[in-house]
Amino acid sequence: MTWARLAFKLQPASIGFAAFVCLALAGAALWLTADMRSVLEACGTPDEPKACQVIFAFQDTHGQAVIMTQMGIGLAMYGIPLVLGVPILTREIEHRTAMIAWPLAGSRLKWLAWRVGPVLVVALVLIGLLAFAADQLMQAYFPRDDIGFYGYEARGLPMVMRATLVLVLGVVVGAVIGRLLPSLLVGIGLCVVVSTALSAALPQWVPSAELTGTEAENFGPGPLRTGGAYRLAGGQLISAQEAEILMQELYEESDGAEPDPALLPQQVMYGVAADRYPEVLIRESAAIGGATLLAGGMAAVVVRRRRPE
């Protein structure tokens with residue numbers, strides 16, 4: 001555990017804050033998980049709870065707490081690695097210790113590796129625990145469904161990959177700017193860009209297709225829904241607005257009676273099916289991993305060329 005002690009000695013405040021936030025959120029998520037699963041243990045008994053009989057089992061009883069916990073985890077996913085990554089270099093530059101530490105280290109790249117490595121390991125442990133707890137929370141909230149892409153980026157491996165990228169980007173920003181507060185502000189902007197870009201890219205990793213079965217319904221977890229249309233009896237696809245106009249005309253022609261169901265347009269939903277989750281996960285993780293390595297290379301270049309003050 002030498003690396004953990006080294007990391008804590010170098011950044012006690014930021015690591016202490018990160019540990020407190022991650023452990024508190026993970027504890028809340030695991031407590032909610034255990035509480036929801038304990039409710040389902042009574043299913044099949046004479047006194048079985050309402051949660052055993054409805055699709056969204058815990059929407060009324062645990063929904064608000066789950067949403068608040070999810071929001072906290074989503075913020076921590078970007079905030080914690082930023083708080084850990086930015087001070088690594090800004091602290092040395094602002095305190096003017098870089099002019100001593102860098103020459104003594106012999107190699108700036110070796111110095112950078114020793115500074116970033118322990119912090120990165122601490123971050124991976126904390127974010128990994130939080131990602132696991134978040135994944136368990138979602139599975140408990142939808143006990144009878146394949147959660148698929150629901151809450152995709154704020155649980156499991158996608159959360160760990162994003163957090164790693166943000167931490168390394170925080171190191172880059174700190175190395176370029178050299179001041180803590182401006183670097184944090186720029187880092188927040190970068191987090192918004194990263195989140196927006198990855199959300200926009202998510203449906204692009206595999207082609208969207210027409211969803212079938214229960215996944216074609218416009219609610220519930222599972223698939224990554226990307227759009228919808230309506231199909232006429234002859235197979236022609238029309239927009240939602242056109243379908244609304246057509247249905248209004250059919251009801252008017254039937255003088256208040258129910259129109260022939262065969263004439264009514266049928267809704268079609270497009271997206272990525274839940275069973276393609278592993279395929280999307282592998283492709284996105286490879287892309288984020290490549291971006292993280294590129295950011296690490298940028299940090300190395302900046303440190304090699306930067307003046308120590």
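Where is the place of Ser183? I found Ser183 in helix α8. A reminder to myself before going on: this is a predicted model.

**Entry 1: helix α8**

I checked the cover on Ser183 next. Ser183 has 0% relative accessibility, so I put it down as buried. I also took a distance from Ser183 to Pro103, which sits 80 residues away along the chain. Their C-alpha atoms are 24 Å apart.

Then I looked at Ile188, which is in helix α8 too, a helix that covers residues 180–201. Is Ile188 buried or partly exposed? I got 47% relative accessibility for Ile188, so it goes down as partly exposed. Ile188 belongs to a nonpolar patch on the surface, together with Leu181, Leu185 and Val192. The accessible area of the four together is about 410 Å².

**Entry 2**

I turned to the inside. Rolling a probe the size of a water molecule over the atoms shows where empty space is left. I counted two cavities of 30 Å³ or more.

The largest cavity has a volume of about 50 Å³. Which residues line the largest cavity? I listed Gln70, Ile73, Ala134, Leu137, Met138, Gly151 and Ala154. Helices α3 (63–85) and α6 (108–141) each put at least two residues into that lining. Helix α6 gives the most, with three residues. By class I have five nonpolar residues, two polar and no charged ones around the largest cavity.

The second largest cavity holds about 40 Å³ of space. Its lining is made of Leu120, Ala123, Leu124, Ile127, Val160, Ala163, Thr164 and Leu167. The elements giving two or more residues to this lining are α6 and α7 (156–177). I sorted the lining of the second largest cavity into seven nonpolar residues, one polar and no charged.

I put the largest pocket at about 240 Å³. It is lined by 13 residues, and the closest to its centre are Asp145, Thr214, Phe219, Gly220 and Pro221. How many of the lining residues of the largest pocket are charged? I have five charged, alongside five nonpolar and three polar.

The second largest pocket comes to about 210 Å³. Of the 13 residues that line the second largest pocket, Leu112, Val116, Val168, Gly296 and Ala299 are the closest to its centre. Helices α6, α7 and α10 (277–305) each supply at least two of the lining residues. Which helix has the largest share of the lining of the second largest pocket? That is α6, with five residues.

**Entry 2: salt bridges**

I counted five salt bridges.

The side chains of Arg155 and Asp135 meet in one of them, at 2.8 Å from N to O. I looked up where the two partners sit. Arg155 is in the loop between α6 and α7, and Asp135 is in helix α6, 20 residues away. Is this pair buried or exposed? I noted both Arg155 and Asp135 as buried.

Glu284 pairs with Arg162, with 2.9 Å between the closest N and O atoms. Glu284 is in helix α10 and Arg162 in helix α7, so this pair ties together parts that are 122 residues apart in sequence. I have both Glu284 and Arg162 as buried. Glu153, Arg162 and Glu284 are linked in a network of salt bridges.

I also wrote down Glu279 with Arg276, where the closest N and O atoms are 3.0 Å apart. Why does Glu279 count as partly exposed? Buried needs under 20% relative accessible area and exposed needs over 50%. Glu279 comes out at 26%, so it falls in between. Arg276 has a relative accessible area of 27%, so I call it partly exposed as well.

Key:
Residues are numbered from 1 along each chain as its sequence is written. This is a predicted model: local features need pLDDT of at least 70, side-chain atom pairs count only at pLDDT 80 or more; totals for chains, interfaces and linings use all residues. Side-chain values use heavy atoms; hydrogens and water are left out. On a 1 Å grid over the protein atoms alone, a cavity is a set of points where a 1.4 Å probe fits but cannot get out, and a pocket is an open set with protein on both sides within 12 Å along at least five of seven lines; lining residues have an atom within 4 Å of a point. Grid points are joined across faces, edges and corners, and a volume is the space filled by probe spheres set on the points. Helices (H or I, at least four residues) and strands (E, at least two) are DSSP runs, numbered from the N terminus. Ala, Val, Leu, Ile, Met, Phe, Trp, Tyr, Cys and Pro count as nonpolar, Asp, Glu, Lys and Arg as charged, and the others, Gly among them, as polar. Patches are made of residues with over 30% relative accessible area and no salt bridge: like charges are joined within 9 Å, nonpolar side chains (Val, Leu, Ile, Met, Phe, Trp, Tyr) within 5 Å. Accessible areas come from the Shrake-Rupley method with a 1.4 Å probe; for residues, only the protein chains shown count as cover. Buried means under 20% relative accessible area, exposed over 50%, partly exposed in between (1.4 Å probe, protein chains only).
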